Amino acid sequence: MKKICCKFYFVILALILTSQIGYSFVLYDREYKKAIIKSSGHKEFTLKNMQSVMGEKELTKVIKRYNKHPEKYQSDWYEKDDQLGVKNLTYRAGLHSHTVFSDGRLTPEEMLDQAAEYADKVKKEYPFEKYPIIIAITDHFNTQGAQKAIFLIQKNPEKYKNVKFVAGIETQSFVDIPSKNDTKGIHMLAWCINPYEWPFTDMNFQEAMFQFGRPYKELNFLNYKDFVKRIHALKYGIVGIAHPLRYFDKDDMLDSVIDDLFAEYASLKDDKVLFTEGYYQPYRFYTPERTYKQTVETAHKYKIITTGSQDTHGHSIFKN
Ligand SMILES: [Zn+2]
Ligand SMILES: [Zn+2]
């Protein structure tokens with residue numbers, strides 16, 4: 001009996017120790033990280049130095065936990081740019097941001113450095129917080145920024161040890177709205193993809209912008225349903241809708257359209273989670289509270305996870 005107890009305590013102690021000294025990567029998404037290393041072509045990359053990179057198993061666990069916690073995603077609380085979530089160290093995730101590789105202002109390095117500085121502060125205040133900050137690079141149509149971030153993490157894992165990084169992308173799709181006999185453009189996000197093996201053609205951002213005035217059906221963009229299916233067919237990656245209110249809140253369409261869209265979207269679910277941005281800024285300061293609430297509630301009705309971000313384009317990861 002005594003022996004069994006000792007063994008039990010030893011296992012618990014080992015678990016606590018390994019989670020504190022940073023070997024939690026052993027438990028999560030090992031295959032994904034190995035696949036990234038392999039396809040990167042960088043022989044010097046190691047699994048140990050991938051600790052800051054998040055795969056879909058780990059990220060799914062966290063976004064499920066944050067599903068009904070807007071404060072994790074909100075850098076501003078009461079008014080735009082009050083930055084209370086940052087000052088009070090409650091901000092935990094910015095899962096949608098753009099670098100100089102599309103229409104953002106920050107380099108991947110500047111982005112990671114800002115995240116590291118904040119994460120170190122959080123860790124100092126809350127030593128047991130496992131996810132001081134999670135940051136995703138989701139450039140439009142390309143994964144170069146995400147590749148660069150992984151390179152930087154590999155080069156300097158100690159500097160970024162309190163940051164979690166998600167390799168993602170934002171693309172343009174469209175959605176048919178039969179009830180209104182209309183088609184709307186819609187942005188889709190994919191996270192925890194292998195940025196070295198993105199199966200769609202990377203598009204130069206300027207080139208893509210040039211196309212935006214044309215009717216969606218003439219373009220190479222996919223119907224969002226096909227995009228979801230394509231991501232689900234990949235070995236790695238989860239998929240979601242970016243800023244849904246941007247497409248509908250200016251119309252009287254919202255009531256029925258959001259419900260129709262989320263119902264259809266939820267029907268595409270396979271064994272991976274589906275998410276939609278629900279707590280995104282600064283849009284919420286321009287949108288009626290009721291509309292926001294309705295969007296989040298409708299998503300939850302269909303068991304779609306609500307996430308959030310700043311949709312960073314400027315010089316701070318905590319702002320739009
Ligand atoms: Zn967008
Ligand atoms: Zn965006």
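The chain has 11 helices and 8 strands, taken as DSSP runs (H or I of at least four residues for helices, E of at least two for strands) and numbered from the N terminus. The model is predicted: local features need pLDDT of at least 70 and side-chain atom pairs count only at pLDDT 80 or more, while totals for chains, interfaces and linings use all residues. Residues are numbered from 1 along each chain as its sequence is written, with chains lettered from A and ligands numbered from 1 in the order in which they are written.

Among contacts in the chain with a separation of 6 or more, 76% are between residues 24 or more positions apart; a contact requires C-beta atoms, placed from the backbone, within 7 Å.

Strands are treated as paired if DSSP finds at least two bridges between them.

With strand β2 (residues 133-137), β3 runs parallel over 5 bridges, and isoleucine 134 stands opposite lysine 164 of β3. Strand β5 (residues 222-223) also pairs with β3 in the parallel sense, through 2 bridges; here serine 173 is opposite leucine 222 of β5.

Strand β4 (residues 182-191) is antiparallel to β3, and 10 bridges join the two. Isoleucine 169 faces alanine 190 of β4 in this pairing. The two strands form a hairpin with 4 residues between them, and asparagine 181 in the turn has a positive phi of about 50°.

## Packing of α5 and α6

Helix α5 (residues 108-125) packs against helix α6 (residues 144-155) at about 55°, with the axes 9 Å apart. Axes are lines fitted to C-alpha atoms, for helices over the stretch in contact, and angles run from 0 to 180 degrees between N-to-C directions. The two helices are therefore oblique to each other (under 35 degrees is roughly parallel, over 145 roughly antiparallel, 65 to 115 roughly perpendicular, and the rest oblique).

On the α5 side, the contact is made by Pro108, Glu109 and Leu112; on the α6 side, by Gly145, Lys148, Ala149 and Leu152.

Definitions and conventions. Two residues are in contact if their C-beta atoms, placed from the backbone, lie within 7 Å.
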